[in-house]
Every structure is written in structure tokens, then in C-alpha cells.
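The following report describes the architecture and selected local features of a single protein chain. Please consult the sequence and the model while reading.

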Amino acid sequence: MHLKQDRHKILYNEPPSIRGTRVKANRKEIVLAKLRKSFSCTPRKLKNFAMDFFPVLRWLPKYQCKEYIWGDVMSGLVIGIILVPQAIAYSLLAGLKPIYSLYTSFFANIIYFLMGTSRHVSVGIFSLISLMVGQVVDRELLLAGFDLNDDATPALGHGSLQTDSQSNTTVFNLTTEGMNAECGKECYAIGIATALTFVAGVYQVLMGVFRLGFVSMYLSESVLDGFATGASLTILTAQVKYLIGIKIPRSQGHGMLVITWINIFRNISQANICDIITSAICIVVLVTAKELGDRYKHKLKFPLPTELVVIVVATLVSHYGNLNEVYSSSVSGAIPTGFIAPKVPRFDLMIRVAVDALPLAVVSFVFTVSLSEMCAKKYAYTIRANQEMFAVGFCNIIPSFFHSFATSAALAKTLVKTSTGCQTQVSGVISAMVVLLVLLFLAPLFYSLQKCVLACIIIVSLRGALRKFRDVPARYHVNKVDTAVWVVTMSASALISTEIGLLVGIVFSMLCIIVRTQQPRTALLGQIQDTNFYEDDLEYENLSSVPKVKIFRFEAPLYYANRNYFLKSLYRLTDLDPNLEAVRRKKYEKKEKQHLKKGNQPTVNGLGSRDTTLQLVPKQIDFQALVVDCSSIPFLDTTGVNTLKEILKDYKELNISILLACCNPSVIDSLKRGGYFGKDFGSMQEMLFYSIHNAVRFAKDQKLTADCSV
């Protein structure tokens, strides 16, 4: 008996001595030892903590200046040149003044240089994040009584309207929600943005402390792509009014995309011909330059600074052509130089935007980690996802004191960074210096820059996301469910709102997983001729069935939600419901006894009742063993174990053996704990097999033995 059990253990790669006697350890002592180790403070531990929290302390002393400096300087200059026009343009999305976008780009690069673990990611202002910030800012401005029209005089709010002669700005004595200080529209907008950014950063740091990075796993590629495409449609729609120079209110709430387009067509007659011509020229130049850059990118040492050239030329034309005065073309206006004194974000505003900050924090983190992992894989180094969460969190928390808003890694700038020879985050410092130069000296030069030019830059930057529509047929061919997730997420993000679209995408993708596990693929298997392998009868041709043996495959975990589907599929494919068959047999046995009591009178066609029973019942069962292929069952819950015990009992009553094949260790442990093999596991070697072929051979031998005994 012992030899037989040891032989079975060897068959399943479990040496006889592997489950030796476990040494009992005192849990209290173990916990106390771990706590002492965790909370002990030594110079070495402090040094490691500092170097882990500021990775720059590890890699900067090892910086190979001769090898890295040229690539870092070049990529830093290129990204800095790209950052300036993008920062000014994306301020339209955030509903803020351009100076705040420049602050954001400056501080984000410096902080990520100190705390980031990726060598190539470009962290700073990002269109999707700017859009999410702008939607919250617009909503709160509307609730406070401000007019969302950029160029309109603000409407009367919940206080008296005053005019500050020194700054020529409209000021409100706000009394809503505890904000009693005098604050104009611009002041209130940046207050909302910094409060939102601070809370999002706190969420990210807390997620890092509690190691909640797994949250990003629920944002699949289809969800992220759909969210980015839907948000891109929203961004495109929000910029159309600048392209054609009409003044319509910024729509808020659900259905913003549809409402905005309705307002555009209602006011199309008010389009500014100067803005239309300027937009057409800028889009043609930008798209042409981008296409040429993509086609000849292998020949170019660095990408063409098309956005900067367009901005410089457009600013000069607007300034010397007096386009604002002559044609009423909307311009960026005054951009101050230098830094505004830091200010603590208002706590009362944090409460108002606490819920909005959560999706912002998750999206910002997910995009940053995804790009970091992509670069790390491409250039063969590792990142620490938890540290990335800290880095992004502090890229939001610290700049929020300096009038900045939320940041994230940006794909387009990251690709440019890698293509221009970036080696480390020193390039980020160079980019920050370029932005600093603009902040200190060059910002006022952009006064006459038309807003339609900024809108063109934003729209052309959306090419990558909008091109996802071309990939839909290929995506559908690869996986229909992922395509459905993409379409649902994109539609919800565009037609409802970005935050709800993201939530809808996550919920819908999880529902798809649940549905796929509730109704997975099931199949009866046949043997590939002259081999030991078995496959689906419906998927492959020329498979031979095994006499008196049925092989059933279930391609999902067996748990409470799909138990009934498992049983229905098994009964349908084997054409046998053991419960109905048992009831039928009992009925025939009862009839047989009744006929025997009556003297065994002939019943049908001159046959006795016993002959009738034998003729009707046994011929319906064409197999004596059922092999369940468990190779696609990753786990069992209690309901799953009980289901297998149930079919074991039901088929046993019909003299049909149940044999399990290809079970993984998790499934085997669940079966053992659930008592499937009995108390001492004595019959385990007759119920569990390493492969389907072993189970089939055992079933054939069992049948041969039964025939010989008869």
C-alpha cells in the first residue's frame, strides 16, 4: 500500500518526503521580530531609505558625463522647446492662464528628476489631465457665479461686483462655502486647480504607502485606449470655437460634446474669418510637418520644432498686423514674468473636489507607470512602480503650493525624448531650464499670440489618439470583447463625461470577464490519431473518439457563478443527465416490481417487464468513464468542489467513473481540503491523473478488467 502511494506521488512530481513534519513556530515572536526590524532606526537604514526615496542619489554619482551629457542636453533642449508652446496651448484645456501651465511644466520636471525611477519618461503637462482639471474648474466657476465665456465680462455672483483699477480685473466678494476673501475669476480658477491637484497628489502618496498600485491592473489597454480616444474627441470639440473664432459658453455636465456642437452650429454665422484663415494655414503647416517628420524620422537627428516656429511666426504676424484690433481675433493676452508667491491650497476647496481628484489620481498614475514600464522594457532596466506613485504624487503635491495643476507622463514627449538621445533624467532639468528662461524673460512676447493657433497645436497633437479609429477593424479581428470594451469606454467618455466614461469602461470590462467565466467554452475531446493528445471535436478534423470514454473540457475556473453552466454543458455534451436517468431507472424498477406482482404478464410486443426495462434503459448510456480535463481550470471554490463531488456521486450510481486529469496544485489542494478523495486519500491514484492519456488508459484497463471478471 505504501509503495503504491509513493508511486502515485512520484507520478505527480511530489516526492514522498516533501510533506515532512512542520516545525511549529511562535507567531507572536515572529510578529514581534518583524515589528522590531521594521521600526528599528540605524544610520544604514536611514541612508537606504533616503536613497530609495530619492533615486537620484543612487544614479547621479555614477553619471557618465562624457557618454551621457550630449544626448541629455539635446533631448532636454528639444523637449523644452516643445513644452513651451504646448504648455501655453494646454492652458485652454485647463481653463487657466498660460503662466500656470509654465509653472506646472517647470516644477514637474525638477521633482521627477529627484524622485523618478524611469530614465526616459517625460513628466509634465498632459492633454487628458488638463482636460479633467478644466472640467472641474469650469464646474466650480459656474457654481460660484462666474461666466465661463473667456472674453465675456463675468456675471454677477453671490456678492458685489467691483473693479480693481490697478489690475483691471473683475473681483468678487465671494461668500459661498466659506470663501470670504476677495477673489476674481482667475484667482478662483487656480485655487480650484491647486486644491484638486493637492488632493490628487495625496491620494497617490497614500496609494503608495498602502501599496495600492494593483488598482492600475483594472485599467486594461482597451479601457485606456478608449478613454484616451473619447477624451480626445472632447478636447477636439472644446477647441472648435477657437478655430473659427466664435464665442459660445463652455458647456458643463453630461453630454458636453453634443451640447457644444449644437451651440457651434447655432452660432456658426458669427465665425471670425481671420481666425478661420489662420487656423487653416496652421493646421496645414503642422500636419504636413508632422507627416514629413514621421516619414523621415530615421534621417533626422531631432524632430522639427514646428510648434515653436508656428507660434513665433503667428505671434509676429498677429502683432504687426494688429489682428486683435482690426479683426477682433482673440489673443492670449498678458503673460507675467517671474514667480508668484507660494500659497497653501484652500482646505474648503479641497473638500469640494475630493471626489473629482480620485479618477485624476488614478489616470495620472496609470499613464506614468505604463510609459515607465514601456521604456524600462525597451532599454533593459527596471523601475519601481511604488516609487513612481510617490514621484507622481509629489509632482502634484509640491507644485500645488506654487500655482501649478496636475501632471502626468506624456507619450508624445516621451517618444521624442527617447528618439533624441536621452540617457537620464538630467534631460528633464535641461527642459526645466528652458521653461524657466521663458518664465523669467520671454513670456510677455506671446501677448499677441492668437488662441486659434493654440487650438491648432492641441488638435494636431491628438492625431495619435484619433488614429485609433483606424485600428478598430484589426482590433475586432483579434478580440471582439476587447473591441466592445474600447467602443463602450470611448462612447461613454465622449458622450457623457471623461470621469464617468472611465468608470463605465472599468465596470464593463470587469463584467465582460465575469460573463466570460460564467459562460466559458466547453467541449468534448477526441484523440489525435497515433498520438497521446486530445483536442476539441468541433475545432479539429479527423479526430477519433475513445470507445466507452467521454472527455469533457471546461475552460474557466469552476466557482459559484458558473456551477449551473458547468452541469448543463456537461449533461448536454454527454447527452446524459444522471439525475434524470436515476429517476427513470427508479420508475422502471417500480413498474417492474408491479408487473412481477401481477404474475410477470407480457407488456410490450410480447416481452416481459424485465426485458422492457433492459431494452429501454441501458442502451442510452454509451460510455463507462468520464474524464474531466482540468487543465483550463485555474481554481475551485467551495461550490466548485461540491459540484465535482456531486457529479462523482451521481455518475457512480450509474456505474460511470469520474476521472480528473491535468489538475494544477491549487485545484488538487482544494479537492483534498474538500474531501473529494476521501479521508485518507486512499483512492486518489484512481481518480486523479497527470494527463488525459493516462486517464484514458486507466479507463480502458478498468473496462477490460470488468469484462474479464464477467
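In which helix does isoleucine 192 lie? Isoleucine 192 belongs to helix 8, residues 185-209. Helices here are DSSP runs of H or I with at least four residues, strands are runs of E with at least two, and both are numbered from the N terminus.

The model is predicted, so that local features need pLDDT of at least 70 and side-chain atom pairs count only at pLDDT 80 or more, whereas totals for chains, interfaces and linings use all residues. Residues are numbered from 1 along each chain as its sequence is written, and side-chain values use heavy atoms, with hydrogens and water left out.

**Overall composition**

The chain contains 28 helices and twelve strands. Of its 710 residues, 48% are buried. Buried denotes under 20% relative accessible area, exposed over 50%, and partly exposed the range in between, with a 1.4 Å probe and protein chains only. Among contacts with a separation of 6 or more, 79% involve residues 24 or more positions apart, a contact being heavy atoms within 4.5 Å.

Isoleucine 192 counts as buried because its relative accessibility is 0%. Apart from residues up to four places away in sequence, isoleucine 192 touches Val136, Val137, Glu140, Leu349 and Val353. Its C-alpha atom is separated by 8.8 Å from that of arginine 352, which is 160 residues away along the chain.

Phenylalanine 623 is located in strand 10, residues 623-629. With a relative accessibility of 2%, phenylalanine 623 is likewise classed as buried. Once neighbours within four places in sequence are set aside, phenylalanine 623 is in contact with Lys548, Val549, Lys550, Thr574, Leu576, Tyr651 and Ile656. Between phenylalanine 623 and lysine 548, 75 residues apart along the chain, the C-alpha separation is 3.8 Å.

**Packing of helices 6 and 15**

Helix 6 (residues 98-115) packs against helix 15 (residues 385-400) at an angle of about 145°, and their axes are 9 Å apart. The axes are lines fitted to C-alpha atoms over the stretch in contact, and angles run from 0 to 180 degrees between N-to-C directions. Helix 6 contributes Phe107, Ala108, Ile111, Tyr112 and Met115, which meet Gln387, Glu388, Phe390, Ala391, Phe394, Cys395, Ile398 and Pro399 of helix 15. By class, this contact comprises eleven nonpolar residues, one polar and one charged; Ala, Val, Leu, Ile, Met, Phe, Trp, Tyr, Cys and Pro count as nonpolar, Asp, Glu, Lys and Arg as charged, and the others, Gly among them, as polar.

**Salt bridges**

The count of salt bridges is 20, where a salt bridge is a side-chain nitrogen of Lys or Arg within 4 Å of a carboxyl oxygen of Asp or Glu. Three of these pairs are tabulated below.

| Pair | N to O distance |
|---|---|
| Lysine 468 and aspartate 225 | 3.9 Å |
| Aspartate 225 and arginine 475 | 3.4 Å |
| Arginine 521 and glutamate 539 | 3.6 Å |

Lysine 468 is partly exposed at 25% relative accessibility, while aspartate 225 is buried at 15%. The bridge from aspartate 225 in helix 9 to arginine 475 in helix 20 links parts of the chain that are 250 residues apart. Arginine 475, with 16% relative accessibility, counts as buried.

In the remaining tabulated pair, arginine 521 occupies the loop between helix 22 (498-518) and strand 6 (522-528), and glutamate 539 the loop between strand 7 (534-536) and strand 8 (543-544), 18 residues apart. Arginine 521 is partly exposed, at 44% relative accessible area. Elsewhere, salt bridges that share partners join Arg139, Glu140, Arg352 and Asp356 into one network.

**Positive phi angles**

Most residues other than glycine have a negative phi. Serine 328, although not a glycine, has a positive phi of about 55°; this serine 328 is found in the loop between helix 13 (323-327) and helix 14 (347-378). Asparagine 542 also has a positive phi, near 60°, and is placed in the loop between strand 7 and strand 8. Asparagine 542 counts as exposed, with a relative accessibility of 63%.
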